[in-house]
Every structure is written in structure tokens, then in C-alpha cells.
Amino acid sequence: MALWSTRARRPYADRAAAGAALAEQLSRYAARSDVVVLGLPRGGVPVAAVVADRLGAPLDVLVVRKLGLPRHPEVAMGAVAGTADGLETVHNVGVLDQSHVPDEEFARVRDEEVAELRRREELYRGSRSPVPLRDCVVLLVDDGLATGATMRVAVRVIQQQGVALSVAVAPVGPPDVCAALAEEVDELVCPWQPRDFAAVGAAYRKFGQTSNDEVRRLLGAHS
């Protein structure tokens, strides 16, 4: 486990600039055949695309869908993600133990989210199959960490795929979130951890919404 905590002196110009800064921190992974870069859509994909370009690594997306409690959908009882082997379901055991959700209700929510997950995978990836992850060094890239919840779910998904090394990568995040996430991965790379963190967008001069078309274009350029 390694925790990078160097301080950036000014906001990133945009997501591409953030990706370039991250690629410098990740240069030891350049030109390795076992490295895969996964962007978390949508905003993480433009960052991940630059990282993949600089490292000479394949780029893919990891679409993760939260499985919310039936009466409190904001609370995650699990998550589901698409992988090269099919689907990976993560159970939030603590929430499930407390809420006593019946198996059939969990299955119903999961089926609904799988349908949306497949729709988004088709939208982003088309007919291309997911990149296999087993025995790979997987760099999970987002455009920033706020609560870290999405990244934590993504980490659990890839770790269940038998990866050789799980590396969580983001340009910015609050110190406490980064410290907690570092305990769950083999390595965390987050160059800017401001103590006065307010929002991910505050770390960028240009932080427009990433469109589905841009995600498709970036993935198509790396296929």
C-alpha cells in the first residue's frame, strides 16, 4: 500500500491535464503488458484515456450500479458491475444484516439495475467485450474522490476478479477519504489532497459534464 500525497499548487486546467499529471505518478507502469486502465464513467473516462495513452495500456470502462435498499434507495445494500466473465455482485453484508432484506427482494433490485447496467455498457462499449482483468495490474481512474463510495465499490469488484494489483487513481480527494481508501487497495495515487477540500469541481478550471458521446469516442479510439 502506497499513499501519494504531494500537493498541487493550482487547479488542473481540465480532465486531460489531470490525466497527464497522474500518468507522471504512474510512469513505473508504462509499457507493461499486464496493465489495464479502467475509467469510471462518465467523468473518469477522459482522465483515464490520457493515462492509458501515456502508459501504452488498454482502456476500458467499469460500469457500476448501486443496489439501493427498497425503501431507502440512497443506502447501498450492494452493487453490480459487468466484467469479462459476466456479472459481479457485491453484497454490503452490514446493511443486509440490519435491514433483513429478503433474497427475492435483493434479486428484484439487482435485476432492475442489471438491465440499466447493460444499457449503459451497450451505450459506451457497443459490441466490444470487456478487457479481461485476471492477473492484471488494474488502474481504476476517476476524476476525483468526494466520498469515495463509487471507487470503493469498483475496487471490491475488480478484487473479486483475481487481479494481481488493485490501484485506485484520482487527481484530487480529501485526506480522510484517501486514507480510508488506501486501506482497501494495494496502492492509492492521489496527488492533491487539500485539507480544505470542498468539491471535485473546485480542483479544475474547466469541469464541464462529460457526455456519452465523448465516452464512446474515447473508448473507440483505444479499441
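Confidence comes first. The average pLDDT of the chain is 90, and 96% of the residues reach at least 70. Residues 1-8 have a pLDDT below 50, although in the model this stretch makes 31 contacts beyond near neighbours in sequence. Where pLDDT is low, predicted coordinates should not be read in detail. The contacts of residues 1-8, where the pLDDT is below 50, are therefore to be read with that caution.

Next comes a pair of strands. Strand β4 covers residues 76-83, and strand β5 covers residues 86-91. The two pair in the antiparallel sense, with 6 bridges between them. Between β4 and β5 the chain passes through 2 residues, forming a hairpin.

Rolling a probe the size of a water molecule over the atoms shows where empty space is left. How many cavities of 30 Å³ or more are counted here? The count is 1. The largest cavity holds about 50 Å³ of space.

Which residues line the largest cavity? They are L38, D60, V61, L62, G82, T83, A84, R125, P130, V131 and L133. Strands β2 (59-61) and β4 (76-83) each give at least two residues to this lining. By type, the lining has 7 nonpolar, 2 polar and 2 charged residues.

Notes:
Residues are numbered from 1 along each chain as its sequence is written. This is a predicted model: local features need pLDDT of at least 70, side-chain atom pairs count only at pLDDT 80 or more; totals for chains, interfaces and linings use all residues. Side-chain values use heavy atoms; hydrogens and water are left out. pLDDT is the predictor's confidence in each residue, from 0 to 100. Contact means heavy atoms within 4.5 Å. On a 1 Å grid over the protein atoms alone, a cavity is a set of points where a 1.4 Å probe fits but cannot get out, and a pocket is an open set with protein on both sides within 12 Å along at least five of seven lines; lining residues have an atom within 4 Å of a point. Grid points are joined across faces, edges and corners, and a volume is the space filled by probe spheres set on the points. Helices (H or I, at least four residues) and strands (E, at least two) are DSSP runs, numbered from the N terminus. Ala, Val, Leu, Ile, Met, Phe, Trp, Tyr, Cys and Pro count as nonpolar, Asp, Glu, Lys and Arg as charged, and the others, Gly among them, as polar. Two strands pair if DSSP finds at least two bridges between them.
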